[in-house]
Amino acid sequence: MNYLIAVLDDRMQAEGAYSALEEAKFGMDEVTILGRGYKSADEFGLIDPANQVWKQVRLMMFWLVPFGFIAGFGFNAITGLDTFPWAGTTGNQIIGGILGAGSGAMGAFFVGGGTAAAFGSGDALSYRNRLNAGKYLVVVRGSDAEIRLATPIIRRFRPENIQGYQSPMADSAA
């Protein structure tokens with residue numbers, strides 16, 4: 001399944017594009033308007049990228065924090081480092097484990113995409129921001145041929161942005 005997403009400045013443009021697609025005999029169950037008074041991003045299924053990123057970070061932390069603790073503890077046990085003389089041998093090994101666990105957490109954050117969530121990235125976030133700014137999205141779902149037919153129709157309404165996407169599921173079905 002392919003998607004065509006157009007960002008339009010106001011409700012009248014979005015309704016005009018919707019009507020033009022209806023006149024061109026597009027299935028109206030395949031055309032959706034997102035914005036104030038219509039579907040929200042959550043109702044449409046436009047995932048919040050931050051939720052996905054934090055889920056990935058938590059999954060990586062599940063493995064990396066314990067592994068980091070074991071690695072830090074083991075490294076201190078093997079090398080016999082006496083970094084904190086007041087802590088004793090066992091205390092130094094535990095501190096080494098805690099530092100290793102912290103390194104594992106930091107690795108999970110950076111490799112899992114925590115920086116993208118913290119500083120914002122991705123198309124879904126861009127579309128959510130535009131909806132929050134009062135703009136409207138017209139989304140057309142269909143085959144390659146349908147998307148090619150819909151593109152010039154929507155372009156007549158001078159969208160701020162128009163972007164086509166191909167669902168990953170379409171690749172695996174081919």
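What follows is a set of questions and answers on this predicted model.

Q: Why is asparagine 2 called buried?
A: Asparagine 2 has a relative accessibility of 8%. Buried means under 20%, so asparagine 2 counts as buried. This residue lies in strand E1.

Q: What makes the pair of asparagine 2 and aspartate 144 a polar contact?
A: The side chains of asparagine 2 and aspartate 144 come to 2.5 Å. The cut-off for a pair of N or O atoms is within 3.5 Å, so the value of 2.5 Å qualifies.

Q: How do you know that the length of helix H7 agrees with its number of residues?
A: Helix H7 covers residues 144–155, which is 12 residues. At 1.5 Å a residue the helix should span 16 Å, and the end C-alpha atoms are 17 Å apart, so the two values agree.

Q: Which residues of H7 are buried, and what covers them?
A: The buried residues are Ile147, Ala150, Thr151, Ile153 and Ile154. Their cover includes strand E1 (2–8), helix H1 (11–23), strand E3 (136–142) and strand E4 (161–166).

Q: What makes the pair of arginine 11 and glutamate 15 a salt bridge?
A: The N to O distance between these side chains is 3.1 Å. A salt bridge needs a side-chain nitrogen of Lys or Arg within 4 Å of a carboxyl oxygen of Asp or Glu, so arginine 11 and glutamate 15 meet the rule. Side chains of opposite charge can pair when their charged atoms come close.

Q: Why are arginine 11 and glutamate 15 separated by about one helical turn?
A: They are four residues apart in helix H1, which means a separation of about one turn. An α-helix has 3.6 residues a turn, so residues three or four places apart point the same way.

Q: Why are arginine 11 and glutamate 15 called partly exposed?
A: Arginine 11 has 34% relative accessibility, and glutamate 15 has 27%. Buried is under 20% and exposed is over 50%, so arginine 11 and glutamate 15 count as partly exposed.

Q: What does the salt bridge between arginine 141 and glutamate 30 tie together?
A: The side chains meet at 3.2 Å, N to O. Arginine 141 lies in strand E3 and glutamate 30 in the loop between H1 and strand E2 (31–34), so the pair ties together parts that are 111 residues apart in sequence.

Q: How do you know that glutamate 160 forms a salt bridge with lysine 135?
A: Their closest N and O atoms are 2.4 Å apart, and the limit is 4 Å, so the pair qualifies. Glutamate 160 lies in the loop between H7 and E4 and lysine 135 in the loop between helix H6 (123–132) and E3, so parts 25 residues apart in sequence are tied together. Glutamate 160 and lysine 135 are also linked with Asp9 and Arg130 in a network of salt bridges.

Q: How many salt bridges does the rule give?
A: The count comes to five.

Q: Why is isoleucine 94 called partly exposed?
A: Isoleucine 94 is in helix H4. With 38% relative accessibility, isoleucine 94 falls between the 20% and 50% limits, so the label is partly exposed.

Q: Which residues form the nonpolar patch on the surface?
A: The patch is formed by Phe69, Ile70, Ile94 and Ile98, with about 370 Å² of accessible area together. Helix H3 (49–79) and helix H4 (88–111) are the elements that give two or more residues to the patch.

How values were computed. Residues numbered from 1 in each chain as written. Predicted model: local features only at pLDDT ≥ 70, side-chain atom pairs only at ≥ 80, totals over all residues. Heavy atoms only, no water. Expected span 1.5 Å × (residues − 1). Buried < 20%, exposed > 50% of the residue type's maximum accessible area, 1.4 Å probe, protein only. Contact = heavy atoms within 4.5 Å. Polar contact = N/O pair within 3.5 Å; in protein donor to acceptor, adjacent residues only side chain to side chain. Patch = residues over 30% accessible without salt bridge, like charges linked within 9 Å, V, L, I, M, F, W, Y side chains within 5 Å. Areas by Shrake-Rupley, 256 points an atom, 1.4 Å probe, with all protein chains shown as cover.
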